[in-house]
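I opened my notebook to jot down what I looked up here, one element at a time.

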Amino acid sequence: MISAFIKTKRFFLKPLMPKDVKKHYYNWFNEKEIKRFLKNTIYKNLNDLKNYTEIEISKKDVVFFGIFTKSNFHIGNIKLYNIKKNHSCELGLIIGDKKWRNKHVGKEVITSCIKEVRKHCGITFFKLGVDSLNFSAYKTYSRIGFRIIKYRQQNRLKILD
């Protein structure tokens with residue numbers, strides 16, 4: 001499978017664990033910008049978020065990484081899910097810490113993650129959905145090489161690599 005850690009120039013990705021679910025992480029989902037672009041992220045309390053994390057990491061078709069700074073501060077997540085035998089998966093990204101938004105974190109971690117997953121898992125087809133009003137995310141995904149393959153309802157674009 002994939003190594004436990006993926007290093008980038010400024011960050012490292014490690015499997016997200018329930019112990020990583022702390023108040024700082026929970027607070028991301030109370031921010032207006034996060035709520036605006038992420039659907040179905042209503043966590044009533046820290047335990048709800050821990051339970052979600054436990055469920056996700058137990059799934060066989062999911063690889064769920066936390067994005068951490070070199071000083072071990074959790075700033076976001078990247079999740080690969082619906083991993084299929086036909087060498088495809090879906091990708092989700094959140095940069096929860098406001099201080100790290102618009103600093104090219106997404107491009108750096110997605111590029112490194114895709115490279116490792118291709119190398120160790122044989123995944124060749126990555127797809128994701130993005131709100132068409134999330135210009136920053138759309139710009140990041142385009143720079144990486146993703147392209148629109150179809151529009152879906154509710155202003156969501158389906159993008160693939």
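My notes start with a strand and its partners, then move to a helix.

Before anything else, I note that this is a predicted model.

**Strand S3**

I checked how covered S3 (residues 63-69) is, and seven of its seven residues are buried. Next I looked at which way they point. Val63, Phe65, Ile67 and Thr69 go one way, while Phe64, Gly66 and Phe68 go the other.

Which strands run alongside S3? Strand S2 (residues 11-15) is antiparallel to S3 and joined to it by five bridges. I looked up Leu13, and its bridge partner in S3 is Ile67. Strand S4 (residues 74-81) also pairs with S3 in the antiparallel sense, over six bridges. There, Phe68 has His74 as its bridge partner. S3 and S4 make a hairpin with four residues between them. In that turn I found Asn72 with a positive phi of about 70°.

**Helix H3**

I tested the length of H3 (residues 46-58). Its 13 residues at 1.5 Å each should span 18 Å, and the end C-alpha atoms are 19 Å apart, so the two agree.

Which residues of H3 are buried? I get Leu49, Thr53 and Glu56. They cover an arc of only 70° around the axis, so they sit on the same side of H3. The face turned away from that side carries exposed Asn47 and Ser58. I then asked what covers the buried residues, and the list includes helix H1 (23-28), S3 and S4.

Last, I looked at the start of H3: a side-chain oxygen of Asn45 comes within 3.0 Å of the backbone nitrogen of Asn47.

Definitions and conventions. Residues numbered from 1 in each chain as written. Predicted model: local features only at pLDDT ≥ 70, side-chain atom pairs only at ≥ 80, totals over all residues. Heavy atoms only, no water. Buried < 20%, exposed > 50% of the residue type's maximum accessible area, 1.4 Å probe, protein only. Helix = DSSP H or I, 4+ residues; strand = E, 2+ residues; numbered from the N terminus. Pairing = 2+ DSSP bridges. Expected span 1.5 Å × (residues − 1). Arc of directions from axis to C-beta. Contact = heavy atoms within 4.5 Å. Polar contact = N/O pair within 3.5 Å; in protein donor to acceptor, adjacent residues only side chain to side chain.
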